[in-house]
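Biologist: I would like to learn how to read a protein model. Can we take it feature by feature?

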Amino acid sequence: MIFVSVLSLLVWLYLVLAHGRFWASTPELPPASPTELPDVALPNVALPNVDIVIPARDEAETIGPVIASLLAQDYTGRFRIILVDDNSTDGTAAVAGSAPKLVVLSGAPKPEGWSGKLWALSQGIAASTAPVLLFADADIVHDPRHLASLVTKLQQPGVDMVSEMVRLNCTSLAERALVPAFVYFFQMLYPFARVNDPRSSAAAAAGGTVLIRRTALERIGGIASIRGALIDDVTLAKAVKTSGRHTGAAIYLGHSGLATSVRPYPAWGDLWQMIARTAFTQLHYSALLLLLTLAGLTLVWLVPSWEILFGHGWGRAAGLTAFALAALSYLPTLTRYRCSPLWSLALPLIASFYMAATVGSALNYWLGRGARWKNRAYGS
């Protein structure tokens, strides 16, 4: 076991020292007011028009404040909101209300081969005309400075797409235990510094807010080019970054202090469903990848704790050091979510929950149950 314990320590040394500083929980998109936008200083140059496309299915509980926050954007350019009501049964469109800048579309039946969200997005895109598009989820509330801040980042040379990990709801016990870890694991899987480096092949996005140039979307063949993707945000980011590599085009992924999800996950089961919905999809429905993933996660998360409890000598020392590196690396994310640093000591248990949910995701797939979202099979 000494060899395994030392191997776990070596993995942690790599993760902390050479894996894109994923643990730093940075960068965060800085706020900007309209007067700080680069184009404002240029004579006779207007800010880009923006069409905000929101796919919504049975979102009556959240859509009201979401639309209100978008209508209140402090942005001196022209913008409008295109809400695509994806066959809701709870009166989502009625709750959204009406406004001069709001267009509500009734979603058409989904063709074969499309995921539900992307089909709804495609209808909003078809109705749009602006050179810049903002894809936003129906549970995200926006600070009045948010749109201006996103456009500021997009206006930087070479940037084709801007995405943010919005602040997730983190109030219940289950949320405090698992939500910061979700963000932490996402950062580990897709180090933001590497995503933002045009020289790196790493690409990712967080679907809550994605601002993209229409030219970049057209360059990849439109949203139809990823029509069947269930992890659509990461798939879109990979397509945009890959297609723009010859021109040095870049994408940006950061944290947001200006956008917050109001969707609650009050119970452990709610978060289990959220994880299991796409976990096995991430592994391309491969049993081999599942086994390798579980083996890797055991090495990273469970071996150090085992060595601390049952090891001896150098094995225990390596386990203690690996455990300490893991706990310390989690602190910046806990700080971001204003959670007690003591949660870092529970990382092995938290990781075990995620591992179990991943196995549950695979079992759902193999048993033909599939994941469900908004009263229909996920992706349909």
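Modeller: Let us start with a charged pair. This model is predicted. Both Glu59 and Arg263 are buried in it.

Biologist: How far apart are the closest N and O atoms of Glu59 and Arg263?

Modeller: First the general idea. Side chains of opposite charge can pair when their charged atoms come close. Here, the closest N and O atoms of Glu59 and Arg263 are 2.8 Å apart, and the two form a salt bridge.

Biologist: Which parts of the chain does that pair tie together?

Modeller: Glu59 lies in the loop between strand 1 and helix 2, and Arg263 in the loop between strand 8 and helix 10, so the pair ties together parts that are 204 residues apart in sequence. Asp139 belongs to the picture too: Glu59, Asp139 and Arg263 are linked in a network of salt bridges.

Biologist: How many salt bridges does the structure hold?

Modeller: It holds 10. One of them joins the side chains of Glu28 and Arg336, at 2.8 Å from N to O. That pair links distant parts of the chain, 308 residues apart. Glu28 is in the loop between helix 1 and strand 1, while Arg336 is in helix 13. Glu28 is partly exposed, at 41% relative accessible area.

Biologist: And Arg199: is it buried or exposed?

Modeller: Arg199 counts as exposed because its relative accessibility is 77%, and exposed means over 50%. Arg199 forms a salt bridge with Asp197.

Biologist: Now cysteines. How many disulfides are there?

Modeller: The structure holds 0 disulfides. Take Cys170: the nearest cysteine sulfur, that of Cys339, is 3.8 Å away. Cys170 counts as buried at 15% relative accessibility, and Cys339 does at 10%.

Biologist: Next, the nonpolar core. Which residues touch the most other members of the largest one?

Modeller: That core has 72 residues, and those touching the most other members include Trp12, Phe135 and Trp301. Helix 6 supplies the largest share, 10 residues. Among the contacts of Trp301 are Trp12, Tyr184, Phe185 and Leu347. A second, separate core has 29 residues, including Leu29 and Ile81.

Key
Residues are numbered from 1 along each chain as its sequence is written. This is a predicted model: local features need pLDDT of at least 70, side-chain atom pairs count only at pLDDT 80 or more; totals for chains, interfaces and linings use all residues. Side-chain values use heavy atoms; hydrogens and water are left out. A nonpolar core is a set of buried Ala, Val, Leu, Ile, Met, Phe, Trp, Tyr and Cys residues joined through side-chain atoms within 4.5 Å. Buried means under 20% relative accessible area, exposed over 50%, partly exposed in between (1.4 Å probe, protein chains only). Helices (H or I, at least four residues) and strands (E, at least two) are DSSP runs, numbered from the N terminus. Contact means heavy atoms within 4.5 Å. A disulfide is a pair of cysteine sulfur atoms within 2.5 Å. A salt bridge is a side-chain nitrogen of Lys or Arg within 4 Å of a carboxyl oxygen of Asp or Glu. Lists of a residue's contacts leave out its neighbours within four places in sequence.
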